[in-house]
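Please keep the sequence and the 3D view open beside them as you go.

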Amino acid sequence: ALDSMAAAFALVGRVPRACGVQASHPQAHRDYSSSKRYDWAQRGCLAGSAFLAACSQPTFSRTARRAVDMPVKEPPVTTTVAIPGAKVEEETRQKRADEYRLVLYNDPLNKREYVARCLMTICLLKEGDAYQVMMKAHKEGVAVVGTYAFETAEAYCEGLKAQGLSVDIIPVDKDD
């Protein structure tokens, strides 16, 4: 039965190779005219249509979807009513200072040359300035490395702390 179906499909030019069925009719691979194909299609072949259904890939049904307007939840309205005689509390945010001082503390664990080298590589100080800052921190216990913007001071502080130095940033008062 499979050989006759394969031959029938070969006449139409529709041999499904994925199913592993080969046409065994000697003229199965010959190109027939479109009228012969039409004659075969008119006669119909139940076995051929079943064969095609078995070899075809599964079909998927599509589900039609509609867009539906959903209600939009609006934010609640809040109004502040001032009651006479009541105290009004305001939220105040502390403003960040414009400049910060990077402060180096005396460190008995690290050698003086190492501290000076860290100041040169991380804070980009010149060799003489790094040596002076290091000696001031060594003799007095604390020294100001420099005054920077917050992001720069924070980056230098984190870099020096990563090297094992004792440093901190302090906001600069406008009175100083």
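1. Just after helix 4, you will find Leu124 with a positive phi of about 60 degrees.

2. The largest nonpolar core holds 27 residues, and those with the most contacts inside it are Leu102, Leu104, Leu119, Cys123, Leu125, Val145 and Leu160. Two or more residues come from each of strand 1, helix 4, helix 5, strand 2, helix 6 and strand 3 (167-171), and helix 4 gives the most, with six residues. As background, nonpolar side chains in soluble globular proteins tend to be buried together.

3. Once its neighbours within four places in sequence are left aside, Leu125 is in contact with Leu119, Met120, Ala130, Val133, Val145 and Tyr148.

4. The sheet is open and consists of three strands in the order 2-1-3, with antiparallel pairing. Because strand 2 and strand 3 stand at the edges and each has a single partner strand, one side of each is left without a neighbour in the sheet. On average, neighbouring strands of this sheet are turned by 30 degrees against each other, direction ignored.

5. Strand 1 and strand 2 run antiparallel and are joined by six bridges; within strand 2, Val142 is the bridge partner of Tyr105. Helix 5 lies across strand 1 and strand 2, at about 140 degrees to strand 2. Helix 6 packs on the sheet as well, touching strand 1, strand 2 and strand 3, and its direction makes about 165 degrees with that of strand 3.

6. How many disulfides does the model have? The count is zero, and Cys123 is in none, since the nearest cysteine sulfur, that of Cys118, is 9.1 Å away, whereas a disulfide requires sulfur atoms within 2.5 Å. The sulfur of Cys157 is 9.2 Å from the closest cysteine sulfur, in Cys123, which is too far for a bond. Cys123 counts as buried at 4% relative accessibility, and Cys157 is buried with a relative accessible area of 4%.

7. Finally, please read the confidence values with care. The mean pLDDT of the protein chain is 74, and 55% of its residues reach 70 or more. Over residues 15-26 the pLDDT is below 50, and this stretch has 23 contacts in the model beyond near neighbours in sequence; residues 28-41 also have pLDDT below 50, with 13 such contacts. Where pLDDT is low, the predicted coordinates should not be read in detail.

How values were computed
Residues numbered from 1 in each chain as written. Predicted model: local features only at pLDDT ≥ 70, side-chain atom pairs only at ≥ 80, totals over all residues. Heavy atoms only, no water. Helix = DSSP H or I, 4+ residues; strand = E, 2+ residues; numbered from the N terminus. Buried < 20%, exposed > 50% of the residue type's maximum accessible area, 1.4 Å probe, protein only. pLDDT = per-residue confidence, 0-100. Contact = heavy atoms within 4.5 Å. Core = buried A, V, L, I, M, F, W, Y, C linked by side-chain atoms within 4.5 Å. Pairing = 2+ DSSP bridges. Axes fitted to C-alpha atoms, helices over the stretch in contact; angles between N-to-C directions.
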